[in-house]
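Please look at the sequence and the model below before reading on. The text then goes through selected parts of the structure.

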Amino acid sequence: MLFKDQLQFVFQHMKKNKLRVTMTILAAMIGCSFLIVLASVGFGIQETLRNDILSQEEITKIELYGDETLSEKDREYIESVDHVNVVLNKAELDGIVSTSFEDRKGESTGVIYNTSELKQLPSNLNEGRLPEQANEIVVGYHFAQSLLNEEDRAIIEKKSKEAEEQGSYYDGSEEGYKGDILNKEVNLQFYNAETEAYTEPSTFKIVGILKKPSYDWYVDSSIQFSDALLDKFPNLVTYPSTFIYVDSVENVMPVLETLKDQNYQVYSQIEQLEEMDLFFLIFKIGLIFIGTIAILIASIGIFNTMTMAVTERTREIGVLKAIGASPNLIQRLFLMESTFIGLLGTVLAVIVSYVISFAANAILPYVVSFALSEEDLSNYELTFSLIPISLVLVAGSISLLVAIISGWRPARNATKIEVIQALRQEL
Amino acid sequence: MITVQSLQHTFIIGKKGQEKKVEVLKDINFRIEQGEIVAIVGKSGSGKSTLLQTIAGFMKPDSGSIIVNNTEIAGFTEKQSTAFRLDHFGFIFQNFQLLSSQTVFENVELPLKLKGISPAIRKKKVSEILTKVELAGVADHYPNELSGGQQQRVSIARAMITNPPIILADEPTGSLDSQTEKEILTLIQQLNEQDNITFIIITHDEEVASIADRKFRMADGVLVGGMAHVI
């Protein structure tokens, strides 16, 4: 029998028992979509945490523990390791840096970088350039906003009070310096912990502004200096640390292992990611297992439908066999029918699951923020449900396999029908 | 054409522990030539239907040989039997055995579909045969929209569509009135003369048997006379 004719034969019968077949397809769809949606929660949570980790830190960065500045010998060794791009020295200033600009004042944290090392990394500047001279600085994205005069302070105090009365808080984002701060000169004073006093004011020129932080809630008013600053202020107390940048994500682990073998105390966010991926792999397998139970329940429906189909068509099967239809063909026709039921159920389940997933991601942030009486969470990158192609393939395969297995026994029974018995059935 | 030798078959009936053996076919021997119409007559329970079902391959005999067109078919597996039936036999049943969900055209077309014939050739062949059995006007009708005689004509058309050398008919006019019976018997005679098809007709009706070239009479599982060629 031509494949086209087999398809026509199967569809003709499915059409004949429309209601029963439709209900069975619905059962298969519900089972499969339950599996997909359930597992999608696992994928969604993993995605949220993964994005969180990836946005916190540069993922190709390895942190070297230790309070002292890296020795030349160590630096040379680390730089010689394959795939290491940059070894960056950073020194955080002890205490705060006080800024004065026109009638405004502000307070910031200060960090010193080696400009030539920093230049080898992808730029994190929103505008301007890196500092070259001792009196050049780069400031955080919110630096201008943190420069307040007396009038601003009064308004912020007033707005904060009003917000407090309404059960929220005000972040002061509407005040501060509104002009372009780039290329402006500011006076800075450094706090000296030993003398418990500020240094004399020095003039610095703002030559660059950093990019906006990835988190909306993070206010970056920091100041970055070039290492020439220490020539000008040799007595400043600093806390040095070292970062190693690797050329690509997949090379982070090998570099990390190499450095650990050499007894360097190193850490990367990617280690956390690997542990998390393993945890979520087990978690998702668990969810898929639970979801498969729903598919198995749906398979009982397919089994019943196919058994009914065989029973109802006993005479027809007898006629087909009498005029020369082989047992293999009879089995194939019934298997095709159960496979189509499974396939249609699976396709509908995928569509329904994507709709549910989309709706969950759109609505749940509001529901959660309402339930927790939190501020609006819709600005955060929260993924409650994620359906990657791999999940569709796994769930689809399970669903189809179960449908085929469910139809197998009835199809086998159909081939065993005896022609003589079948033809004796009442019309 | 068809040679049956020493054919024996026994049914075991009754409850477990109280089984009884009934010999339905006892040493059957005969030969049928191409183009003959042979009637196998006998009372109910004489074994004539069992004989036809054994020749058709619906059941395996306990022993003996059935040779059709030089092929021994008595020991065939179910798969071999169905393939052989498709190429060599057409069937006419007492209650027509048409598929109620398929139109007249589709019922007649079915054996061609099983043989994997292309739709264009199928259409041509089915149209030809429906004209031959005078059913061209009801091709799109469903079996339950036809009279008994028309349904049996559809059944005959389905049996003939693959041009099989042999047609096995089990009480072909058993469900029809006498006028329609005559029409069907005339049609069978015409087809036999035109296409040289061998007909083996099981009947208990002497009128039906009268169109046969030879008559085999069966009683208690034995061929008791008539014109069987004893080998």
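The model is predicted. In chain B, β2, β1, β4 and β5 form an open sheet of four strands, in the order β2-β1-β4-β5, with antiparallel pairing. The edge positions belong to β2 and β5 of chain B; each has a single partner strand, so one side of each has no neighbour in the sheet. The partner of β2(B) in one pairing is strand β1 of chain B, residues 2-13, and nine bridges join the two in the antiparallel sense. Within β2(B), V22(B) is the residue that stands opposite F11(B). Helix α1 of chain B, residues 48-56, packs on this sheet and touches β1, β2 and β4 of chain B. The direction of this helix makes about 65 degrees with that of β2(B).

Strand β2 of chain B covers residues 20-32, and I32(B) lies in it. Is I32(B) buried or exposed? There are 23 C-beta neighbours inside 10 Å of I32(B), and the cut-off for a buried residue is 20 or more, so I32(B) counts as buried. Beyond the neighbours within four places in sequence, the contacts of I32(B) are M1(B), I2(B), V38(B), T198(B) and I200(B). A further residue, N192(B), is 160 residues from I32(B) along the chain, and the C-alpha atoms of the two are separated by 14 Å.

The next topic is the contact between the chains. On the chain B side 20 residues are in contact with 18 residues of chain A. Helices α2 (78-88) and α3 (104-114) of chain B each supply at least two residues of the side that touches chain A. Of these, α2(B) gives the largest share of that side, six residues. By class, the side of chain B that touches chain A has 10 nonpolar, six polar and four charged residues.

Two backbone angles remain. Most residues other than glycine have a negative phi. In chain A, H83(A) has a positive phi, near 75 degrees, and is not a glycine. H83(A) is found in the loop between α3 (72-80) and β2 (84-93) of chain A. With 15 other C-beta atoms within 10 Å, H83(A) is partly exposed. In chain B, N69(B) is also a residue other than glycine with a positive phi, here near 50 degrees. The loop that holds N69(B) runs between β4 (63-68) and β5 (71-72) of chain B. N69(B) is partly exposed, because 13 other C-beta atoms lie within 10 Å.

Notes: Residues numbered from 1 in each chain as written. Chains lettered and ligands numbered in written order. Predicted model: local features only at pLDDT ≥ 70, side-chain atom pairs only at ≥ 80, totals over all residues. Buried ≥ 20, exposed ≤ 12 C-beta atoms within 10 Å, placed from the backbone. Contact = placed C-beta atoms within 7 Å. Nonpolar A, V, L, I, M, F, W, Y, C, P; charged D, E, K, R; others polar. Pairing = 2+ DSSP bridges. Axes fitted to C-alpha atoms, helices over the stretch in contact; angles between N-to-C directions.
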